[in-house]
Amino acid sequence: MTLTLDSRLRVGIQTIHRRTEPADAPWLPRIDELVDLVKLVDDSGYDSLWVGDHISFPVAILDPLLQLAQAAVISRRLTLGTSVLLLPLRHPTPVAKQVTTLDHLTEGRLILGVGVGGEFPREYAACDVPLNERGARLAEGVTVLRKFFTGNPVTHHGKFYGPFEDVPMNPPPRQPGGPPIWFGGRKDPALRRVGRLGDGYLAYVVSPEMYRDALITIDQAAAQAGRGTIPFGTGHLLFTRLDHTYEAALDRATETLSVRYAMDFRKAAKRYCALGTPAMVAERIREFHAAGVRHVVLDMLGPYQEKPEQIAWFANDALPLLADLTAG
């Protein structure tokens with residue numbers, strides 16, 4: 001296998017300033033709210049904190065890089081990541097400056113997850129980016145990022161970006177070569193792109209079987225690209241709901257995700273979520289670990305006011321059931 005996976009399982013939490021659906025009261029995020037959440041995640045023993053990205057979305061969502069900059073002031077330990085930044089919606093040169101800045105503000109604790117999205121075509125139209133160019137723009141955009149991450153003046157003549165010559169950008173990122181870049185995606189062209197270009201893979205809405213198959217495709221593409229044996233991050237964004245029964249958890253997960261994605265999500269929730277008692281959820285995570293996941297990111301579903309309870313419940317009752325995997 002070309003990809004070298006970590007031996008330890010890490011567990012993170014998804015979202016900071018996002019109103020958890022369904023809710024209809026005015027949403028005014030507070031600094032103290034962020035402080036309490038980041039402290040809870042940190043003190044509960046999680047490894048990381050992640051935020052998603054959309055320009056336009058059915059529910060309220062804030063910019064991911066700005067949220068992580070705020071969170072970095074609270075925790076000195078947590079890894080912080082984007083899951084995922086929709087890079088094709090932005091020109092990669094200013095993104096390189098933002099990401100480099102954030103790598104310093106986090107003192108090198110940043111993972112840059114990138115992807116194409118596409119579920120909401122109107123946000124592409126609003127950014128004047130043709131939807132059918134999103135994959136190619138992502139690949140070229142990452143190339144531009146990595147050029148700037150070297151700290152050397154950058155020259156680029158591409159299909160979508162440039163031409164520009166000998167453009168300096170200082171300082172370079174805190175992490176040598178820049179933060180690791182993990183790619184999202186589910187279809188074969190996206191997976192092959194991960195193998196050619198990615199430092200890691202960050203999946204969502206897949207089953208353990210689909211994840212295992214995806215890693216095979218990624219590994220084959222990495223080998224074909226001549227990358228040799230490489231350390232490789234394997235993450236999965238896992239929709240999660242703890243409850244006293246599976247059915248109660250399924251009901252609440254369906255309610256949340258159907259609002260978030262403006263569709264009936266019950267069938268998909270059964271297939272892709274981790275639901276039920278702490279033991280049930282822990283067992284589902286073990287299935288993903290067996291498929292190759294080494295960094296699971298939990299998106300706790302349900303009403304906004306229940307999120308701290310869900311985070312604490314998992315830490316107290318489910319995380320100890322995974323101690324053999326998380327020890328390192």
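In which helix is threonine 217 found?

Reply: Threonine 217 is found in helix α7, which covers residues 208-224. Keep in mind that this is a predicted model, so everything below describes the prediction.

Let's start with the residue itself. With a relative accessibility of 18%, and with buried meaning under 20%, threonine 217 counts as buried. Its contacts, once neighbours within four places in sequence are set aside, are Asp188, Leu191 and Arg192. Those three residues turn up again on the α6 side of a helix pair, where they are among the residues that meet α7.

Two packed helices are described by the angle between their axes and the distance between the axes. For α6 (residues 188-197) and α7, the angle is about 50° and the axes are 7 Å apart. That angle makes α6 oblique to α7, and the crossing is right-handed. From α6, the contact takes in Asp188, Leu191, Arg192, Val194, Gly195 and Arg196; from α7, Ala214, Thr217, Ile218, Ala221 and Ala222. Sorted by type, the contact residues come out as six nonpolar, two polar and three charged. Threonine 217 is therefore a buried residue that belongs to the α7 side of this contact.

Valine 205 sits in the loop between β10 (200-204) and α7, and its phi is near 55°, a positive value in a residue other than glycine. At 13% relative accessibility, valine 205 counts as buried too.

Ile31, Leu34 and Val38 are the α1 residues involved, and they meet Gln67, Gln70 and Ala71 of α2. That contact divides into four nonpolar residues, two polar ones and no charged ones.

Threonine 15, in the loop between β2 (10-14) and α1, has a positive phi near 85° despite being a residue other than glycine. With 5% relative accessibility, threonine 15 counts as buried.

If you're checking omegas, there are cis peptide bonds to flag. One runs from serine 83 to valine 84, with omega near -5°; valine 84 is in the loop between β4 (79-82) and β5 (85-86). Another runs from glycine 162 to proline 163, with omega near 5°, and proline 163 lies in the loop between β7 and β8 (164-167).

Threonine 143 is 13 residues away along the chain, and its C-alpha is separated from that of histidine 156 by 9.2 Å. Histidine 156 counts as buried, since its relative accessibility is 5%.

Helix α8 (residues 246-260) has 15 residues and reaches 21 Å from its first C-alpha to its last, close to the 21 Å expected at 1.5 Å a residue. Its buried residues are Ala249, Leu250, Ala253, Thr254, Thr256, Leu257, Ser258 and Arg260. They pack against β12 (233-242), α9 (266-272), β13 (274-276) and β14 (295-300). Just after α8, alanine 262 takes a positive phi of about 55°.

Helix α10 (residues 278-291) has 14 residues and a first-to-last C-alpha reach of 20 Å, again close to the expected value, which is 20 Å at 1.5 Å a residue. Buried in α10 are Pro278, Val281, Ala282, Arg284, Ile285, Phe288, His289 and Ala291. Just after α10 comes glycine 292, with a positive phi of about 120°.

Note on methods: Residues numbered from 1 in each chain as written. Predicted model: local features only at pLDDT ≥ 70, side-chain atom pairs only at ≥ 80, totals over all residues. Heavy atoms only, no water. Contact = heavy atoms within 4.5 Å. Helix = DSSP H or I, 4+ residues; strand = E, 2+ residues; numbered from the N terminus. Nonpolar A, V, L, I, M, F, W, Y, C, P; charged D, E, K, R; others polar. Expected span 1.5 Å × (residues − 1). Buried < 20%, exposed > 50% of the residue type's maximum accessible area, 1.4 Å probe, protein only. Axes fitted to C-alpha atoms, helices over the stretch in contact; angles between N-to-C directions. Parallel < 35°, antiparallel > 145°, perpendicular 65-115°, else oblique. Left-handed = near helix turned anticlockwise from the far one by under 90°.
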